[in-house]
Amino acid sequence: MIQPLAYIHPEAKIAQNVVVEPFAIIHKDVEVSEGTWIGSHAVINEGARIGRNCKIYPGAVISATPQDLKFKNEYTRTFIGDNTTIREYATISRGTEEHWKTEIGTDCLIMAYAHVAHDCRIGNNCLIINNVQMGGHVHMGDWAIVGGSSSVHQWVKIGAHAMVSGGSLVRKDVPPFTKAAREPLSYTGINSIGLRRRGFDNEKINQIQEIYRYIYMRGLNNADALTQIELELPPSDERDEIVNFIRSSERGIMKGPSSGGDRE
């Protein structure tokens with residue numbers, strides 16, 4: 001299943017039924033699990049750990065040296081979860097001593113020419129569309145989507161089930177279950193279509209929408225909004241996820257639909 005024109009370092013660990021196409025390059029200290037396909041001219045660098053049934057398309061570069069001037073060639077790794085697809089010429093850097101690894105979850109799709117920088121942590125079932133440029137240390141929750149040609153500032157957090165519009169400049173954290181668009185990036189509602197597709201019923205969606213009315217529609221600062229949410233709204237996993245996300249935000253969350261600036 002390994003073409004003779006591919007280069008495989010003798011110390012790389014390749015499962016029996018992996019397909020490696022001509023001119024692909026796999027360096028030492030790489031592990032590739034069962035069922036994965038690696039296309040022509042893909043480059044898998046040191047420290048890569050690639051799961052089962054992944055697809056790595058031509059020209060993709062996995063576990064590249066971080067584009068970080070502080071990097072001193074410390075030993076770090078890149079983890080790609082099972083069933084993840086990485087399309088043409090996407091680039092994924094390995095970690096630095098800050099976190100020691102870059103992590104991509106299971107069942108993700110990273111489209112062509114996207115860049116995922118060092119120490120990013122991407123959850124499961126995430127979608128990173130063509131030409132997204134993602135700085136270091138970005139966190140994406142499960143089922144999050146970042147639209148094409150968006151730029152995500154380093155250290156930004158994007159919550160689970162959030163959807164960021166294409167062409168966005170993401171400078172602030174995007175809370176879970178929301179839609180984000182416009183410039184500067186703003187709350188444009190909750191991702192109700194995506195939530196319905198994933199099995200959320202109307203009652204749950206309405207509860208999430210009510211939580212964001214407190215945060216974005218009542219003229220409250222974040223601290224007061226979160227206090228009222230905990231006092232007045234029934235507990236739920238979604239409520240706690242939103243409250244904890246906003247409380248732990250270090251960059252502040254994106255602005256509301258009519259507010260004058262980013263919310264701290």
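Guide: The lining of the largest pocket consists of one nonpolar, three polar and seven charged residues. Here Ala, Val, Leu, Ile, Met, Phe, Trp, Tyr, Cys and Pro count as nonpolar, Asp, Glu, Lys and Arg as charged, and the others, Gly among them, as polar. The model is a predicted one, in which local features need pLDDT of at least 70, side-chain atom pairs count only at pLDDT 80 or more, and totals for chains, interfaces and linings use all residues. Residues are numbered from 1 along each chain as its sequence is written, and side-chain values use heavy atoms, with hydrogens and water left out.

A pocket is an open set of points, on a 1 Å grid over the protein atoms alone, where a 1.4 Å probe fits, with protein on both sides within 12 Å along at least five of seven lines; lining residues have an atom within 4 Å of a point. The volume is the space filled by probe spheres set on the points, which are joined across faces, edges and corners.

The largest pocket holds about 200 Å³ of space. Its lining is made up of Glu98, His99, Asp119, Arg121, His137, His139, Trp155, Lys157, Asp173, Glu250 and Arg251.

For the second largest pocket, the volume is about 170 Å³. Around this pocket stand Asp68, Lys70, Phe71, Glu74, Thr96, Glu97, Glu98, His118, His137, Gln154 and Trp155. That lining divides into two nonpolar, four polar and five charged residues.
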